[in-house]
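Work through the exercises below with the model open beside you.

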Amino acid sequence: MIRRRGLAALLAVALAGPASARTLVFCSEGNPESLNPQLVTTTTGMDATWPVYNTLVEFAPGTTTIQPALAEAWTVSEDGRTYLFRLRPNVAFHTAPRFRPSRPLSADDVVFSFERQWKPDHPFHRVSGGGYSYFRDLGLPDLLDAVEAVDPLTVRIRLKQPDATFLANLAMALGGILSAEYAAVLQAAGDPERIDREPIGTGPFAFAGFQPDVVLRYRTFPGYWGGRQPVDSLVFSITPNAAVRLAKVRAGECHLTAFPNPGDLDAIAADPALVLMRQEELNIGYLALNTRTPPLDDVRVRRAINMAIDKEAIVQGVYGPGGTAARTPIPPNLWSHDPAIRDEPLDREAALRLLAEAGLPQGFEAELWYPPVSRPYNPNGRRVADLIQADLARINIRVRPMTEEWSTYRGRMLAGETALALFGWTADNGDPDNFLGVLLGCTAARPGGSNIARWCEPRFDALVTEARRTGDQAHRAALYRQAQGIFKRESPWVPIAHSAVFVVARREVTGYRMDPLGRHLFRGVGLSGTP
């Protein structure tokens, strides 16, 4: 109750009087796992960092096309191994309560931001307990050869071998540029962790405060290199329940929210005060089968589970009009998806025979973990878990649905602690490697990695690695199709669904665009009547 009254009071101040048209409130579904873009992997965490940080290059709004950001221009050597970035001059950093930057963005900040993640002996590498798992999942520690400041406005990055995904990877949240000067001041003060608790960057909004489970606040940064924003402040109202989020938007407590319940879509579309937006995102919801946990280390058991789950019923019953049953990790709207791959038919008798062949005629028991919050790839984790539980019971696999708070849940997944787990992914860069390499490659199968099935298949991994080393998209697509075939035979997942994503906005919201990479971006977003 205290938390609800605190939030109500905050929003009342934010939305009252002359300031009412100048505060944009977004109903967010959960807490970010970190305010440091180098440490986040979920859309919830990335949404929380995009207002603060910029990257060297970025995706053009609403697309997966690379455009300049902090780097106004760049060149790539003929062998694809050396990138030279020319930084924008006079890009200002935010201020903090005990920090006033003495200089604009420089090449030293870029070097600091990458070396912090890359080098274990860097003084900030272990600050805040960072494992930089996504940086490692992408293979960047082994790919980078040098990150150098040529002069204050020029950065040279050398790679050990060409990588067709590198530029797109720089545009992701982990490419956010931090202030080396701020880090030095905090280290001298004996409080280096504050760099992640009270972040400063070069983005359109400056951090103003975070109360977990309640609210995350930003203020517009007047010195932003891209121009002043249409609003004075941005508030994330943290609201896990989809029905409550919608009620807040209808009441005017929030201006936007994502992931409404599928059953509410028709009513939202009919409401004259609201706008319902839809985006065919690049995502996948799946059931990961931990291949290092008996009996899931037996491919016959994994195939049996795949044959027993009625995906069409899950899509119809949970995802509604936004869902499409998945067959491979690659979404059908992403190049290299293989439409020739088909699911084995739903066949519980055949599944029982496979279990018997695997020495499990009576089945087995296991925990089935499901996400506690709405996700772009799974609007209702508990409902999906209940349907899977009923399906598996028909082949004598007895599962117990389990969950925990979102950050704890993610931690369990990445630690490889679960046997059966519902998880998913929204592309960060529009490249197939972001699915096959990050989620299923051998590098990411380590503890803390994003390959929560802990599946490492050398033939699959070799194909994905070869695809990363060539710039020929047709050749890459052919390699990825071969890799999808291996995935299908080995069945480390049950691919469940790809989902369109919906956003609900009040009519007064202006300038908001949905993003194919699942991000909620508020640069340039205003409210009708805002000066």
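**Exercise 1: Surface and charge**

Task: State the accessible surface of the protein chain and the share of it that belongs to carbon and sulfur atoms.

Solution: In this predicted model, the accessible surface of the protein chain amounts to about 19,700 Å², and carbon and sulfur atoms account for 51% of that area. Turning to charge, the chain carries 57 positive and 57 negative charges, whose mean positions lie 3 Å apart.

**Exercise 2: Overall fold**

Solution: The secondary structure comprises 18 helices and 20 strands, and buried residues make up 58% of the 531 residues. Finally, of the contacts with a separation of 6 or more, 70% are between residues 24 or more positions apart.

**Exercise 3: The setting of S499**

Task: Locate S499 in the secondary structure, decide whether S499 is buried or exposed, and list its contacts beyond four places in sequence.

Solution: First, S499 lies in strand β18, which covers residues 493-506. Second, the relative accessibility of S499 is 7%, and because buried means under 20%, S499 counts as buried. Third, once neighbours within four places in sequence are set aside, S499 is in contact with E281, N283, Y319, G322, G323 and P376.

Technical notes: Residues are numbered from 1 along each chain as its sequence is written. This is a predicted model: local features need pLDDT of at least 70, side-chain atom pairs count only at pLDDT 80 or more; totals for chains, interfaces and linings use all residues. Side-chain values use heavy atoms; hydrogens and water are left out. Helices (H or I, at least four residues) and strands (E, at least two) are DSSP runs, numbered from the N terminus. Buried means under 20% relative accessible area, exposed over 50%, partly exposed in between (1.4 Å probe, protein chains only). Contact means heavy atoms within 4.5 Å. Accessible areas come from the Shrake-Rupley method with a 1.4 Å probe; for residues, only the protein chains shown count as cover. Lys and Arg count as positive and Asp and Glu as negative; His and the chain ends are not counted. The place of a charge is taken as NZ of Lys, CZ of Arg, CG of Asp or CD of Glu.
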